[in-house]
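This briefing goes through the fold and the contacts of the structure shown below. Lead sentences come first, followed by points grouped by topic.

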Amino acid sequence: MSSELIEIAELITSWGEKGEQIEAVVARDSETEVRAYEGEIESLTVAESQGVGVRVIKDGRQGFAYAGTLEKSELLEVLREARDNAGFSSPDEFAGLAEPDGVESVSLNVYNDDLNQLPTSEKINYALELEKLTLSSDKRIIGIESSEYTDVVSESAIATSTGIRSSSKESGCCLMVYALAEQESETQTGFGFSIGRSPGELDITKAASDASDRATRMLGSTKPRSERLTVVLDPWVSAQFLQVVGTTLSAEMVLKGRSLFAERLGEKVASPAFSLVDDPTDSRAFTATETDGEGLATRRNVLIEDGELKMFLHNVWTARKAELASTGSAIRSYASTPGVGIQAVSLLPGERDPIELIKGIDNGILIQSVTGLHSGVNPISGDFSTGAEGLRIRNGELSEPLREFTIGSTIQKMLKDIKEVGNDTDWLPMSSAGSTVVINELTVSGG
Amino acid sequence: MSEIEIVEQGILEETLTAAMQSGGSFAEVFIEDKRSTTAVLDDGLVEELNNGRDRGAGIRVVVGETTGFAHTADLSPAGLLKAAAAASSAARGDSQTNIEVSLSGGAASDISEIKTLPQQVSKSKKVALLKLADETVRNTELPITQVAARYGDSHRVIQIANSEGKLTGDRQIRSMFSVSCVASGDAGLQTGRESVGRTVGFELFDEINVDEVALKAANRAVTKLDSVPAPSGEMPVVVGPGGGGVLFHEACGHGLEADLIEKSASVFAGKQGEMVAAPNVTLIDDGTMVGEWGRFAIDDEGNSASQNVLIENGILTDYMWDWFRARKHGRLSSGNGRRQSYRHLPMVRMTNTFLTAGEENPQEIIADTDYGVYVAQLGGGQVNTATGDFVFGMTEAYLIENGKLTSPIRDGNLIGNGPQALLDIDAIAKDFAMGSPGTCGKDGQGVPVGDGTPTLRVKRLTVGGTAT
């Protein structure tokens with residue numbers, strides 16, 4: 001499988017000099033992307049990429065370099081650069097590479113060879129068919145912005161002079177469509193997608209109808225007035241908020257004084273309905289992975305249980321600094337040094353389904369999409385406001401569409417204000433899954 | 001002028017000839033060799049000094065409306081031919097053709113504007129800048145509890161050859177520096193950030209003082225310790241000079257990109273020649289602005305950067321174009337065909353987008369506002385071009401009460417609708433400035449962009465705060 005990559009990684013680590021620790025991360029992927037537009041192939045991309053990142057630690061000083069190639073002649077140059085760079089960083093007693101910690105990695109089935117067997121012509125058909133189905137799903141759908149099929153097979157390997165050997169291979173494919181709906185010169189957009197490890201898992205009908213539904217139900221939308229009220233986050237939206245919450249639970253943020261949850265271990269930081277687990281060993285997660293970015297086995301980490309903050313996520317460096325063990329939470333690409341972060345978070349599901357949750361609300365808003373998470377959320381102070389779209393909930397029923405408003409609170413307050421989590425879990429193409437979440441009170445800013 | 005040759009002309013000609021064999025109407029080889037350096041200081045330590053190199057080729061073949069694209073890190077003749085074959089098999093014409101491509105001109109670009117190439121500067125000098133920024137903040141009495149500083153430079157050489165015989169190239173050198181601080185007080189943590197970036201070499205640090213950058217970031221964080229929750233709802237918003245460009249980038253910049261126009265995925269489709277903004281609004285996109293973050297000599301399709309007037313005195317004059325979209329309309333590219341790297345297809349992108357100066361006095365604009373919000377520094381933004389709804393973040397903002405700036409307010413987003421916001425601009429000052437360096441994301445590709453504005457007022461935007 002990835003034996004060629006691990007050999008390259010081992011070769012680089014074998015060039016180590018006395019007193020040096022060396023880590024090599026080697027990655028290769030092949031991808032196909034097909035875009036359809038008006039019944040034709042708009043573009044077809046086929047490509048292979050590869051790269052190597054080398055970390056050298058000597059006398060507590062770390063250097064790093066990468067190159068987007070695996071050509072043998074360049075590997076030594078990357079190592080030399082990394083070694084040279086190490087001379088310019090500050091000595092840090094906690095710097096060091098991972099060492100085998102005895103935790104066995106679980107065996108995940110994240111590679112499916114069916115993807116490799118799929119002829120390009122069928123990939124093209126997926127994109128064309130997705131456009132066709134989306135256009136025919138509702139007469140108000142007047143066009144699409146894009147309809148695409150993408151797939152990727154990626155392999156990576158890590159070797160270190162401290163005894164780490166890991167390799168992985170995974171496959172994934174995705175259908176994604178953005179639909180345009182029009183009615184009386186008003187245009188609205190909606191997206192739909194489907195993901196899988198192999199083409200057989202793709203649900204083209206669902207991707208098309210989701211895009212159509214999302215676009216058409218926004219037609220006729222108006223701006224709500226400003227008020228504080230109960231808000232329901234749909235899974236797509238709650239997953240994005242979980243990413244933000246995940247940021248605050250990185251030990252790097254905590255140790256560097258950038259987490260609003262520092263010093264709060266063991267405290268109730270969220271409502272009792274809120275239990276957050278980061279479990280990259282759960283093969284249902286699209287981002288499931290056997291090993292982390294430093295080659296250690298991933299593991300199930302319970303971050304918040306019944307509202308109580310249980311732990312932070314660690315890589316090797318944060319663990320040493322905090323005198324703890326790594327939680328297998330190093331995240332990185334070959335082009336970067338390891339950071340710390342969530343890999344596959346989800347909420348423990350509640351009892352009731354989304355329809356029942358909405359039934360209990362007299363006046364509220366179901367939020368279906370948010371914008372500006374990168375610009376309006378400050379994960380250090382906890383302040384947030386994001387642009388939003390959704391549907392009014394009136395007397396327990398979904399009602400008129402709303403747009404051009406924001407929802408705002410602080411992360412601290414929002415977690416406490418969670419009333420209930422639905423029994424649904426949607427696995428999405430990101431490092432978090434989503435559930436329907438009811439929040440007692442958020443500020444809606446509109447007209 | 002200096003010659004740029006990553007791959008020999010003869011090999012490029014062979015590659016293009018091969019790429020055209022399956023009946024393509026156009027083929028292009030884009031070669032890139034990019035070196036970058038990043039140095040990070042955090043928590044008092046120089047954490048890392050990183051070097052990266054990305055080198056490869058992207059080959060596209062166009063047949064009718066279909067583009068075949070392949071990229072490779074293998075720049076040998078065999079590697080290029082393999083990619084050419086992959087791209088041309090993806091875009092296949094009706095008949096085999098036998099076109100010999102011959103290139104004319106030579107790849108050359110003018111980089112006389114660069115004084116000191118970053119790779120000629122020692123690593124220790126770069127690291128010293130980080131330490132200076134850190135020490136400057138730590139030596140003050142300010143309640144700052146954390147400092148992170150980042151230095152970055154990149155040296156990107158591109159070479160472009162196409163089946164129309166074009167052979168050209170460019171060197172793009174960028175340098176940047178940023179500082180982020182955390183201040184701590186009774187109300188918790190607050191953050192402040194300042195960044196500078198220019199399409200210049202290491203001489204950037206003759207033009208700016210990193211200690212001033214650091215103090216700006218620190219003061220921004222400290223000011224916010226006394227901040228109050230932002231108001232909630234519609235009100236006048238005054239945007240300070242420089243950073244306001246983000247507003248235009250989102251409110252209408254993306255909506256004026258020809259690829260979105262063509263798919264009717266923009267509210268500005270079909271509006272050319274119409275009044276789309278207040279009469280005092282003139283908006284320009286200009287890739288030729290020497291030193292600015294979105295500056296280049298040629299775009300990633302080999303067309304010269306140019307100054308394009310998008311809106312003149314409120315009237316929509318033109319959209320932005322890349323080669324593909326321009327060809328369809330029988331016109332020339334406006335020099336807006338850009339791509340993140342050789343791994344990406346080019347598309348229509350902004351360069352340096354700015355609103356030209358008006359006549360008014362900035363202080364008077366504030367004094368003339370009874371109640372509202374003054375945004376001194378904007379964060380990023382996002383837009384749905386089809387509906388025109390956009391958001392942008394405020395990372396330094398104040399309440400305006402009775403014509404005066406009063407309390408600092410907490411971070412959050414503002415939301416508005418592009419076409420409406422353009423019409424609602426009711427004051428533009430004479431204090432034009434360019435803003436901070438930005439990275440614009442579109443379809444998963446990030447490219448460096450600049451923007452600028454004078455002080456201006458939008459009479460009504462929705463501020464997404466929590467105070468009621």
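Two strands count as paired if DSSP finds at least two bridges between them. By that rule, Val153(A) stands opposite Ser171(A) in strand E5 of chain A. The model is predicted. Chain A has 11 helices and 18 strands, and 60 of its residues are in contact with 66 residues of chain B.

**Chain A as a whole**

- A compact globule of 447 residues would have a radius of gyration near 22 Å, and the 24 Å of chain A agrees with that.
- Along the principal axes, the C-alpha atoms of chain A fill a box of roughly 70 × 55 × 35 Å.
- Of the 447 residues in chain A, 56% are buried.
- Among the contacts in chain A with a separation of 6 or more, 70% are between residues 24 or more positions apart.
- The domain assignment of chain A gives domain 1 as 3-216 and domain 2 as 227-241 + 349-445.
- Taken over C-alpha atoms, the centres of domain 1 of chain A and domain 2 of chain A are separated by 29 Å.

**Strand E4 of chain A and its partners**

- Strand E4 of chain A covers residues 141-160 and is mostly covered, with 15 of its 20 residues buried.
- Strand E1 (residues 20-37) of chain A runs antiparallel to E4(A), and 14 bridges join the two.
- Within that pairing, Val25(A) has Ile158(A) in E4(A) as its bridge partner.
- E4(A) also pairs with strand E5 (residues 165-183) of chain A, in the antiparallel sense and over 17 bridges.
- The hairpin of E4(A) and E5(A) has 4 residues between the strands, and Gly163(A) takes a positive phi near 100° there.

**Helix H5 of chain A**

- Helix H5 (residues 204-216) of chain A has 13 residues, which at 1.5 Å a residue should span 18 Å; the end C-alpha atoms are 18 Å apart, so the two agree.
- The buried residues of H5(A) are Ile204(A), Ala207(A), Ala208(A), Asp210(A), Ala211(A), Ser212(A), Arg214(A), Ala215(A) and Thr216(A).
- An α-helix has 3.6 residues a turn, so residues three or four places apart point the same way.
- The cover over the buried residues of H5(A) includes helix H4 (120-136), E4, E5, strand E6 (186-196) and strand E14 (363-371) of chain A.

**An open sheet in chain A**

- In chain A, 4 strands form an open antiparallel sheet in the order E10-E9-E8-E13.
- Strand E10 (308-309) and strand E13 (345-347) of chain A stand at the edges with a single partner strand each, so one side of each has no neighbour in the sheet.
- Strand E8 (residues 276-278) of chain A is joined to E13(A) by 3 bridges, and the two run antiparallel.
- In this pair, Leu276(A) stands opposite Leu347(A) in E13(A).

**Where chain A meets chain B**

- The contact between the chains involves 60 residues of chain A and 66 residues of chain B.
- On the side of chain A that touches chain B, strand E2 (residues 40-58) of chain A provides the largest share, 10 residues.
- That side of chain A divides into 14 nonpolar, 35 polar and 11 charged residues.
- Strand pairing also crosses between the chains: strand E3 (residues 61-67) of chain A and strand E3 (residues 45-63) of chain B pair in the parallel sense over 4 bridges.
- Ala65(A) has Asn51(B) in E3(B) as its bridge partner.

**Chain B**

- Chain B is divided into domain 1 (2-226) and domain 2 (232-464), and their C-alpha centres lie 23 Å apart.
- In chain B, 34 residues of domain 1 are in contact with 23 residues of domain 2.
- Several elements of chain B each supply at least two residues of the domain 1 side that touches domain 2, including strand E2 (26-42), strand E6 (144-162) and helix H5 (210-223).
- The residues of that domain 1 side of chain B divide into 9 nonpolar, 12 polar and 13 charged.
- Leu332(B) lies in the loop between helix H8 (323-328) and strand E13 (337-338) of chain B.
- Leu332(B) counts as partly exposed because it has 13 C-beta neighbours inside 10 Å.
- Leu332(B) and Thr15(B) are 317 residues apart along the chain, and their C-alpha atoms are separated by 25 Å.

Notes: Residues numbered from 1 in each chain as written. Chains lettered and ligands numbered in written order. Predicted model: local features only at pLDDT ≥ 70, side-chain atom pairs only at ≥ 80, totals over all residues. Buried ≥ 20, exposed ≤ 12 C-beta atoms within 10 Å, placed from the backbone. Domains from an automatic or database assignment. Contact = placed C-beta atoms within 7 Å. Nonpolar A, V, L, I, M, F, W, Y, C, P; charged D, E, K, R; others polar. Rg over C-alpha atoms; globule rule 2.2 N^0.38 Å. Expected span 1.5 Å × (residues − 1).
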